[in-house]
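Look at the sequence and the fold that follow.

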Amino acid sequence: DPRHNVRGGEMRVLIAGLGNMGMSHALAHHKAGSEIVGLVNRSTVAMPEGMETYPVFRTFEEGLAAKPDLVVVATYSDSHADFACAAMEQGAHVFVEKPLATTVADARRVVDTAKRLNRKLVVGYILRHHPSWVRLIAEARSLGGPYVFRLNLNQQSTGAQWETHKQLMRTTSPIVDCGVHYVDVMCQITDAKPGRVHGMGLRLSEEIAENMYNYGQFQVVFQDGSVGWYEAGWGPMMSETAYFVKDIISPNGAVSIVSADAPGSASVEGHTKVGVIRVHPAGGTDRTVDFPGEPGHQELCDAEQAYVIRAIAEDIDLTRHMEDAVASLAVCLAADESIRTGKVVEL
């Protein structure tokens, strides 16, 4: 298949879903000089300057008919698996936003399809492309385990952002939608398999479906004895106090993100900004690692799409990347199951 040899400027790209992430990925390819053969969106959206001429399709099938080399799937979570598999079956490589799927079985199906067809599959773990998060993981690994992970991301969302959150919660809870990023960080630090998950959650608004909750937290135990918790809540009732905790502890000390001059929990920029990492050796002197020129949200999306193009051009082995994506999703879905059943879930 000649499409296996494409490079950045020659890449025929289809972007499906033009929400916050999809539009950023489309902009990344626009700037990189990729040949955008189409944008898929069910409704009409305002296009950034220079992108008004790209063909817009209402259905994914119409978009696939344009024969893309790479398909970027940034639609709602429940369509990720089917769209990714359909694209790969037709010969395209795939970048899919997280979560990879809404069930572990579907996530496994996507990964198996990529392996069977020899397609590149990159999942949108944006923190893997952020220099300060890469450094945080390296510093934590150098301390040695077992680890305690203390992580959260709560968002006091109002107005249009609360509407988006309510839309997302039709299929995906906050701890699954955001949690996969942070469980992925845990998995990269420990290398051990997650074993046991216990979650609890609460529906704090009449505006969301009765079978959904907008606040959740879970605990996970890894096979090396490492333990961690993650917490996520969305909505106008959420507090701005301690909404951003990123703390990793081991017998030899701790590594923490000392929150940057955060613009508030609702800001997308604030979710990736690190500012300063504090390294605390047990019984020793603390040191700080500063990141003055951090990439913003768009630069991170640019980096993600550049990585996809490189993975295709250089035939990068993405096996561990894909397996980590399934593992982190499995933890978050187990937490969701635990919240709904009131039982501890063994993985």
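Which residues form one aromatic cluster? They are Trp 133, Tyr 182, Phe 218 and Tyr 230. The model is a predicted one, in which local features need pLDDT of at least 70 and side-chain atom pairs count only at pLDDT 80 or more, while totals for chains, interfaces and linings use all residues. Residues are numbered from 1 along each chain as its sequence is written, and side-chain values use heavy atoms, with hydrogens and water left out.

A pair of aromatic rings is described by the distance of the centres and the angle of the planes. Rings of Phe, Tyr and Trp (for Trp, the six-membered ring) pair if their centres lie within 6.5 Å; planes under 30 degrees apart count as stacked, over 60 as edge-to-face and the rest as tilted. The structure has 6 aromatic pairs. One of them joins Trp 133 and Tyr 182, a tilted pair with 5.8 Å from centre to centre and 50° between the planes. Trp 133 belongs to helix H5 (residues 131-143) and Tyr 182 to helix H8 (residues 179-190), so the pair links distant parts of the chain, 49 residues apart. Helices (H or I, at least four residues) and strands (E, at least two) are DSSP runs, numbered from the N terminus. Both Trp 133 and Tyr 182 are buried. Buried means under 20% relative accessible area, exposed over 50%, and partly exposed in between (1.4 Å probe, protein chains only).

Phe 218 and Tyr 230 also form a tilted pair, with 5.9 Å between the centres and 50° between the planes. Because Phe 218 lies in strand E9 (residues 215-222) and Tyr 230 in strand E10 (residues 227-233), this pair ties together parts that are 12 residues apart in sequence. Phe 218 has 0% relative accessibility and therefore counts as buried. Tyr 230, at 0% relative accessibility, counts as buried too.

A charge can also sit over a ring, if NZ of Lys or CZ of Arg is within 6 Å of the ring centre and within 35 degrees of the ring normal. The charged end of Lys 246 sits over the ring of Tyr 182, 4.8 Å from its centre. Lys 246 also lies over the face of Phe 244, at 3.8 Å from the ring centre.

Next comes the core. A nonpolar core is a set of buried Ala, Val, Leu, Ile, Met, Phe, Trp, Tyr and Cys residues joined through side-chain atoms within 4.5 Å. The largest one has 106 residues, and Leu 100, Leu 121 and Phe 218 have the most contacts inside it. Helix H11 (residues 319-341) gives the largest share of this core, 10 residues. Leu 121 touches, among others, Val 94, Leu 100 and Met 322, when residues up to four places away in sequence are not counted; contact means heavy atoms within 4.5 Å.

The 23 residues of H11 should span 33 Å at 1.5 Å a residue, and the end C-alpha atoms are 33 Å apart, which agrees. The expected span is 1.5 Å times one less than the number of residues. Just after H11, Gly 342 takes a positive phi of about 75°.

Most residues other than glycine have a negative phi, and most peptide bonds are trans. Asp 191 is not a glycine, yet its phi is positive, about 70°. Asp 191 lies in the loop between H8 and strand E8 (194-202). The peptide bond from Lys 98 to Pro 99 is cis, with omega near -10°.
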